[in-house]
Amino acid sequence: MKLVKKIHKWASVLVGIQLFLWLLSGIYFNVMDHTKASGSTYRSQIHENMVIDHTRLVEPKTVLGNFDPSIVIKIINILDQPYYLLSHVKALYPYFVNRYTLVDAYTGQKALVDESFVKQLASKSYKGPGEISSVTLITGFIEDFPKQKNPTWQVNFSDEIYTSVYIEQGSGRIVGHSDDEKRLADFFFMLHFMDYAQEGSFNNWPIIIFAFITLWLCISGLVWTVDLGLRGQYQIKYFAKQRGVKLFDKHQKSMGAVSLSTHTNLLDGLIEHDIALPSTCGGGGTCGRCKVMITPAAQSTSADHVHFSDKELQQGYRLACQHFCNDVDHMTLIDVTEAKKHTLELTQSRFVSPHIKELRFKIIGEASLYFKAGAFMRFFIPAAKGVSIPLRLPEELKPHWQHVEQLTFEHNACSRSYSFAQPSTTTDELVFTVKIQTAPNNTVLPGVGSSYLCNLALGQTVEVIGPFEAFFAKKDSNKTMVMLGAGSGMAPLKAIIEDQMAIMAKNSIAPRKNIHFFYGARTESDLLYADEFYQLAQQNEHFHYYPILSQTNDKWQGATGYVQDILLLNFDNFASDISGTNTTDEPSGELGNVEFYLCGPQGLMDETMELLKAKGVDESAISFDEFS
Ligand code: FES
């Protein structure tokens, strides 16, 4: 198969180059001046009325008497005089090899098409400004007329386009005119008809070989497509096969065997058997959490190279979301979660800001589910039609969507992860805050998952798997918590804050810790749950709320700018915050009493991480939620 692919690729390069040449030469043929391209720029139309003085004509049989009587004789007119043209060898076309004798019809003498004769002929056929500059008899290949196989005179004229008139030596026939315009057209004809050997025909070897290469391209493409289909690279169930794979835990203890479909990746295939590997990117190959070790080791992908060392790759470490089971016999699961598949029914859907919706779901057929604050669910988004502007948009929010172009788009099935916006609990009602992602430009689709979920009607269901726990408050820590987020990064931060406040309320004797919450939004209307946080800050001296806007009006009294900048301005407050008690071996000193929790757009997270590192914060004191 490797060889098939290699030849297919190189064949497609060749075909691609020729397709480009066809396109280029095709455009030229459309725009070219056809008269000029035929070499007729300075060609004069000769209208000769042959006036024959029959009294002077030598009888044809007298002429033929000197030659083989089987030859063909016809009378022609050259320079207003009749000649007998005797064809000793007459081929199908005049440019094929022929053999002629030209005889003066008045004298019966053999006429020679010599230099002075062709000069007269060429001058009569030419109407340009040039003079005859040279005359040459060509007996071999004629570049301007590659098909012409008979000895031919080339008469060159001294004009600006280098006109040449070609006259056949045997018959006095004007073969044609050529000039720079025709030579350019010939060059494009050569490219178009692949006449690289200059045979003057499209029935040439390069084009025959090219036809076979194209045939090969089709066949190898078909073989490759079928092979990819069988390997599950296409979402075509028809091609899918089941394959048994033996599973082992990280201690190499057997977990039995499962049958996986070749048309789903290992991550999704395992979910069918209620085995959920950790994942925060939903199978995008970016979080690096779905680690497995497979035997035999499949060819590594670029995503594998990002997350594994060369040694690990050699040992067979791979990302389960990037591979299919086609060649896998054994698979070691490095980490398995307790996550399970569920079906959720939408019970409430409301805007909590112009671009963010709070969605409430009920678990169907299950009593309840336990999850930790900060946990998330992976939603399976089916292939569907999406819209760029949410359906059922309340009238008062329409101005916020005015700048968005109304579009409908189709998307494939995919999965997306969303955090619970609830504290640790056991419940059958799940709450999420989902930001409806708009497209940054016309070349990109708006958020597929957010559009799908936020446009669900009440009562509609969606498949999920979870919960997954990757972002949570450190257990039994009394350190100051600095939470920083923006947009839908609110969900896990809100969940952790509510959780911590509840723990502190319950455990009134334990030392209290401070929580500082920095939340960035564009405008005041984007500050979701602001009233709740203001109230919490008023009621609890340990909770500090810092709403920050990037676009403000005169009424706004709070902080303006970027969240990370406001964090920096307040940094000394945390450094001197000694309300926490450091009871571990972690970095000591004032910063050792502070933990940072980040969740928001990637740019915000990256800049904040840089800032914290520059401030000397140890990496172990920073937790972040990757996917929000
Ligand atoms: S799920 Fe595989 S890398 Fe994230």
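These questions and answers test labels given to parts of this predicted model.

Q: Why is Cys599 called buried?
A: Buried means under 20% relative accessible area. Cys599 has a relative accessible area of 1%. The value is under the cut-off, so Cys599 is buried.

Q: What makes Cys281 partly exposed?
A: Exposed means over 50%, and buried means under 20%. Cys281 has a relative accessible area of 21%. That value lies in between, so Cys281 is partly exposed.

Q: How do you know that Cys599 is too far from the closest cysteine sulfur for a bond?
A: A disulfide needs two cysteine sulfur atoms within 2.5 Å. The closest cysteine sulfur to that of Cys599 is in Cys287, 14 Å away. The structure as a whole holds 0 disulfides.

Q: What puts the buried residues of helix 15 on the same side?
A: The buried residues are Leu604, Met605, Thr608, Met609, Leu611 and Leu612. They cover an arc of only 165° around the axis, so they lie on the same side of helix 15. Glu610 and Ala614 are exposed on the other side.

Q: Why are strand 2 and strand 3 called paired?
A: Pairing takes at least two bridges. Strand 2 (residues 81-89) and strand 3 are joined by 6 bridges, so they pair. They run antiparallel. One of the bridges joins Val89 to Arg99 in strand 3.

Q: What makes the sheet with the order 1-2-3 open?
A: This antiparallel sheet has 3 strands. Strand 1 (72-78) and strand 3 (99-104) stand at the edges, each with a single partner strand, so one side of each lacks a neighbour in the sheet.

Methods: Residues are numbered from 1 along each chain as its sequence is written. This is a predicted model: local features need pLDDT of at least 70, side-chain atom pairs count only at pLDDT 80 or more; totals for chains, interfaces and linings use all residues. Side-chain values use heavy atoms; hydrogens and water are left out. Buried means under 20% relative accessible area, exposed over 50%, partly exposed in between (1.4 Å probe, protein chains only). Helices (H or I, at least four residues) and strands (E, at least two) are DSSP runs, numbered from the N terminus. The arc is that of the directions from the helix axis to the C-beta atoms.
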